[in-house]
Amino acid sequence: MTTPPPTTARSWLREHSELGVCVLLLVLGALVLTDALTMDVDITQRGPVGPKTVPVVVGAGLLVVAVLLAVDVLRGGRGEAEAGEDVDLAEPADRRTVALLTGVFLAFAVLIGPLGFPISGALLFWGSAYALGSRHYDRDPLIAAGLSLVTYFVFDNLLGVPLPGGPLMGVL
């Protein structure tokens, strides 16, 4: 008869690794709630439902989900392994695609100020399509530019959400 090996703190944490997601959700929820509750809304408040409502609901929801997930994990609940048809768990992660997409998003964040949304958005859409495997070099930039311009006009003109126009501000 063999005795099971003693449980160490490290092995316990490895078996309950989902608690890391709980901590992340808890921190995000607290951050969102803190930011929402300290928001200055005197000018933008136009009715009973103001700009604080959605962030408070999202922050509270994140806290509730964090607590419920922690309780489930501590009671022995475990996440199921991916069972999708198109996922081969034996294959390694596609780090190149993830790195390209990360680079595209970071470039968008850096370039939106100086270049404005229409240009940086077109680069974002085209770069994302390229990173995800599209190789239509003649068509993709045109679709990206059109999508970026439509998005800019919808947000800026129809929804009233001002986006930076950059050097094209006078042209558009």
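1. In this predicted model, helix 2, spanning residues 19-37, packs against helix 3, spanning residues 53-74. The angle between the two is about 160 degrees, and their axes lie 8 Å apart. Because angles over 145 degrees count as roughly antiparallel, helix 2 is roughly antiparallel to helix 3. The crossing of helix 2 past helix 3 is left-handed.

2. Which residues make this contact? On the side of helix 2 they are L19, V21, C22, L25, L26, L28, G29, A30, V32, L33, A36 and L37. Helix 3 contributes P55, V56, G59, A60, L62, L63, V65, A66, L69, A70, V73 and L74. Sorted by class, the contact between helix 2 and helix 3 comprises 22 nonpolar residues and two polar ones, with no charged residues.

3. Helix 5 itself covers residues 140-158. Helix 4 passes helix 5 in a crossing that is right-handed.

4. From helix 4, the residues in this second contact are F117, P118, G121, A122, F125 and W126. They meet D140, P141, A144, A145, L147, S148, L149, T151 and Y152 of helix 5. The contact of helix 4 with helix 5 has 11 nonpolar, three polar and one charged residue by class.

5. T151 deserves a separate remark. This residue is placed in helix 5 and belongs to the contact with helix 4. A polar atom of the T151 side chain lies 2.7 Å from the backbone oxygen of L147. When neighbours within four places in sequence are set aside, T151 is in contact with F117, F125 and L163.

6. Turning to the chain as a whole, how many helices and strands does the protein chain have? There are five helices and zero strands, and the pattern along the sequence reads α-α-α-α-α.

7. Two overall values complete the note. Of the 172 residues in the protein chain, 21% are buried. Among contacts in the protein chain with a separation of 6 or more, 57% are between residues 24 or more positions apart.

Definitions and conventions
Residues numbered from 1 in each chain as written. Predicted model: local features only at pLDDT ≥ 70, side-chain atom pairs only at ≥ 80, totals over all residues. Heavy atoms only, no water. Axes fitted to C-alpha atoms, helices over the stretch in contact; angles between N-to-C directions. Helix = DSSP H or I, 4+ residues; strand = E, 2+ residues; numbered from the N terminus. Parallel < 35°, antiparallel > 145°, perpendicular 65-115°, else oblique. Left-handed = near helix turned anticlockwise from the far one by under 90°. Contact = heavy atoms within 4.5 Å. Nonpolar A, V, L, I, M, F, W, Y, C, P; charged D, E, K, R; others polar. Polar contact = N/O pair within 3.5 Å; in protein donor to acceptor, adjacent residues only side chain to side chain. Buried < 20%, exposed > 50% of the residue type's maximum accessible area, 1.4 Å probe, protein only.
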